Amino acid sequence: MSNKQDVKAKMENLDWKNLGFGYRDADFNVRCYYRNGEWGELEVSTSNTINIHMSATALHYGQEAFEGLKAFKGKDGSIRIFRMDENAKRMQSSSDGILMAKLPVEKFTEAVRLAVKKNERFVPPYDSGAALYIRPLLIGSGPQIGVKPADEYLFMVFVMPVGPYFPEGFKPTNLVIYREYDRAAPQGTGKYKVGGNYAASMYEGKKAKQEGFSAVLYLDSKEKKYLDECGPANFFGIKNNTYITPESDSILPSITNKSLIVLAEEMGLKVERRKVPYEELAEFEEVGACGTAAVISPIKGVYDADNDKWFKYGNQEEAGEWSTKLYNKLRAIQYGDEPDTYGWVEVVE
């Protein structure tokens, strides 16, 4: 059986409602090379491997950035991509941060559109609750042995159908605080979407899961006084009709969080983006983690492992009122169930 026949056979047996969040082959990916000081044309490939020089800067010095976004099939059968221009701009910021060639926004969005169109049959049906995950990737492919930027780069976009990032879906989970681990240094690369940040979080992330938690809630690396990133997502808390999310140069600017802030204000919540002291965990009525993969992962408790102390939220069984409203509103826009008055979604023609 050929690879494509194998993929087709697996497609026919897919349980769309229970996909989980994992890698799956699709039919095509899109590639673009930066050589001799300029970006080339988009290329379509059926291979899931790349040929890379053993001295490529991505392998030695971490010249690598990626993005994550989704496409959704609506009730009307249309496919909608959510805020890909924001992902394009964030990848440009990451490129500036680690001295990679900057991909134009238009080239990024063209590649995403092409990858979605070419793999249209992998977009999960509307009633499945699943989506097509889109992974743009930029790597330093040119060889260097000194610590300096590459002169050649490879940009790729590949896709796969996915279910919720957390197996529990939109159900409350617990976070844990470990003070002996840092995700990113102050004034380091925390605000860029580069692989090193994720490698730095894997050890304690695995430890958290082994101990029954969904993710680590990091405190700021300098003073351990303020709430920072929440595993692979941004943190938010709600109290006194106010949506509060940490402000820090070590936190990745989440496009989901940025969207939730707009919706929260429209729903009548005040919004505060500021330093959030650890002690404020005791004051929140609702807590959540937000990002592309999960949209919102509601939090029922935060356990401070160093002080054997719990902070509990809600009734422990379901998400809070505001988290639920925000989650439903954002997903309704993504799936086309409500009008997009913000210009956030693009319908794939």
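This is a predicted model: local features need pLDDT of at least 70, side-chain atom pairs count only at pLDDT 80 or more; totals for chains, interfaces and linings use all residues.

Colleague: Okay, then what makes Leu99 exposed or buried?

Modeller: Leu99 has a relative accessible area of 55%. The cut-off for exposed is over 50%, so Leu99 is exposed. You'll find Leu99 in the loop between helix H3 and helix H4.

Colleague: What is the phi of Leu99?

Modeller: It's near 60°, a positive value in a residue other than glycine. Most residues other than glycine have a negative phi. Lys224 is another case, with a positive phi of about 60° although it is not a glycine.

Colleague: Where is Lys224, and how accessible is Lys224?

Modeller: Lys224 is in the loop between E10 and strand E11. Its relative accessibility is 22%, and under 20% would be needed for buried, so Lys224 counts as partly exposed.

Colleague: And how do you know which label Thr256 gets?

Modeller: Thr256, which belongs to helix H6, has 6% relative accessibility, so it counts as buried. The C-alpha atoms of Thr256 and Ala56 are separated by 32 Å, and these residues are 200 apart along the chain.

Colleague: Let's turn to rings. Why is the pair of Tyr342 and Trp344 called stacked?

Modeller: Rings pair if their centres lie within 6.5 Å, and planes under 30 degrees apart count as stacked. By this rule there are 19 aromatic pairs. For Tyr342 and Trp344 the centres are 4.3 Å apart and the planes are at 20°, so the pair is stacked. Trp344 also counts as buried, because its relative accessibility is 7%. Elsewhere, Tyr34, Trp39 and Tyr153 form one aromatic cluster.

Colleague: What makes you say that the charged end of Lys312 sits over the ring of Trp310?

Modeller: One part of the test is that NZ of Lys is within 6 Å of the ring centre, and the other is that it is within 35 degrees of the ring normal. The charged end of Lys312 is 4.1 Å from the centre of the Trp310 ring and sits over it. Lys207 likewise lies over the face of Tyr178, at 4.5 Å from the ring centre.

Colleague: How do you know that both faces of strand E6 are covered?

Modeller: In a regular strand the side chains alternate between the two faces of the sheet. In E6, Ile79 and Ile81 are on one side, Arg80 and Phe82 are on the other, and all are buried.

Colleague: Which strands pair with E6?

Modeller: Two bridges are enough for a pair. E5 and E6 pair in the antiparallel sense over three bridges, with Lys73 and Ile79 as bridge partners. Their hairpin has five residues between the strands, where Gly77 takes a positive phi near 85°. E18 also runs antiparallel to E6, joined by three bridges, and there Phe82 stands opposite Val345.

Colleague: Last one: what lines the largest pocket?

Modeller: The pocket has a volume of about 920 Å³ and 38 lining residues, of which Tyr165, Tyr198, Gly231, Pro232 and Ala233 lie nearest its centre. H5 gives the most to the lining, with five residues. The lining divides into 20 nonpolar, 11 polar and seven charged residues.

Definitions and conventions. Residues are numbered from 1 along each chain as its sequence is written. Side-chain values use heavy atoms; hydrogens and water are left out. Rings of Phe, Tyr and Trp (its six-membered ring) pair if their centres lie within 6.5 Å; planes under 30 degrees apart count as stacked, over 60 as edge-to-face and the rest as tilted. Buried means under 20% relative accessible area, exposed over 50%, partly exposed in between (1.4 Å probe, protein chains only). On a 1 Å grid over the protein atoms alone, a cavity is a set of points where a 1.4 Å probe fits but cannot get out, and a pocket is an open set with protein on both sides within 12 Å along at least five of seven lines; lining residues have an atom within 4 Å of a point. Grid points are joined across faces, edges and corners, and a volume is the space filled by probe spheres set on the points. Helices (H or I, at least four residues) and strands (E, at least two) are DSSP runs, numbered from the N terminus. Ala, Val, Leu, Ile, Met, Phe, Trp, Tyr, Cys and Pro count as nonpolar, Asp, Glu, Lys and Arg as charged, and the others, Gly among them, as polar.
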